[in-house]
Amino acid sequence: YNVATHGQKAFNGVAILSRSPLEDVRRGLPGDESDEQARYIEGVLSTAAGAVRVASIYLPNGNPLGPKFAYKLAWMARLQEHAASLLRHEEPL
């Protein structure tokens, strides 16, 4: 297996495991360079049918109103924006 990881000691972490080689691995959700939480990783897998971009996510949970909830809403907005930008490339995702 081929493995790509993005993690934090004793906190968040995501991974992609694949029988196919991983290319163009990107760690961290774009849009906030100060975000240190390891909640997003993506990469391209080459298959017999062609290449496909995959992502692994660890969503922020639904905390009550406060700083964690605000982080969750901002993270989800960044995810939506990033997904829309990937879909504009019209590649398998």
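Student: Which residues does D35 touch, if those up to four places away in sequence are not counted?

Tutor: D35 touches Y71, W75 and R78 on that count, where contact means heavy atoms within 4.5 Å. Please keep in mind that this is a predicted model, in which local features need pLDDT of at least 70 and side-chain atom pairs count only at pLDDT 80 or more, while totals for chains, interfaces and linings use all residues. Residues are numbered from 1 along each chain as its sequence is written, and side-chain values use heavy atoms, with hydrogens and water left out.

Student: Where is D35 found?

Tutor: D35 belongs to the loop between β3 and β4 (40-47); strands are DSSP runs of E with at least two residues, helices are runs of H or I with at least four, and both are numbered from the N terminus. From D35 to Y71 there are 36 residues in sequence, and their C-alpha atoms are 9.7 Å apart in space.

Student: What about A55, and what is A55 in contact with?

Tutor: A55 sits in strand β5 (residues 50-57). Setting aside neighbours within four places in sequence, A55 contacts Y40, I41 and E42. Its C-alpha atom is separated by 9.8 Å from that of R27, which is 28 residues away along the chain.

Student: Why is A55 classed as partly exposed?

Tutor: A55 is classed that way because its relative accessible area is 45%. Buried means under 20%, exposed over 50%, and partly exposed in between, using a 1.4 Å probe and protein chains only.

Student: Changing topic, which residue has a phi near 50°?

Tutor: That residue is D24, whose phi is positive although D24 is not a glycine. Most residues other than glycine have a negative phi. D24 lies in strand β3 (residues 22-27) and counts as partly exposed because its relative accessibility is 38%.

Student: And what is the phi of E90?

Tutor: E90 has a positive phi of about 55°, and E90 is not a glycine either. E90 is placed in the segment after α1 (67-87), and it counts as exposed because its relative accessibility is 73%.

Student: What lies over the face of Y58?

Tutor: R39 does, at 4.9 Å from the ring centre. A charge sits over a ring if NZ of Lys or CZ of Arg is within 6 Å of the ring centre and within 35 degrees of the ring normal.
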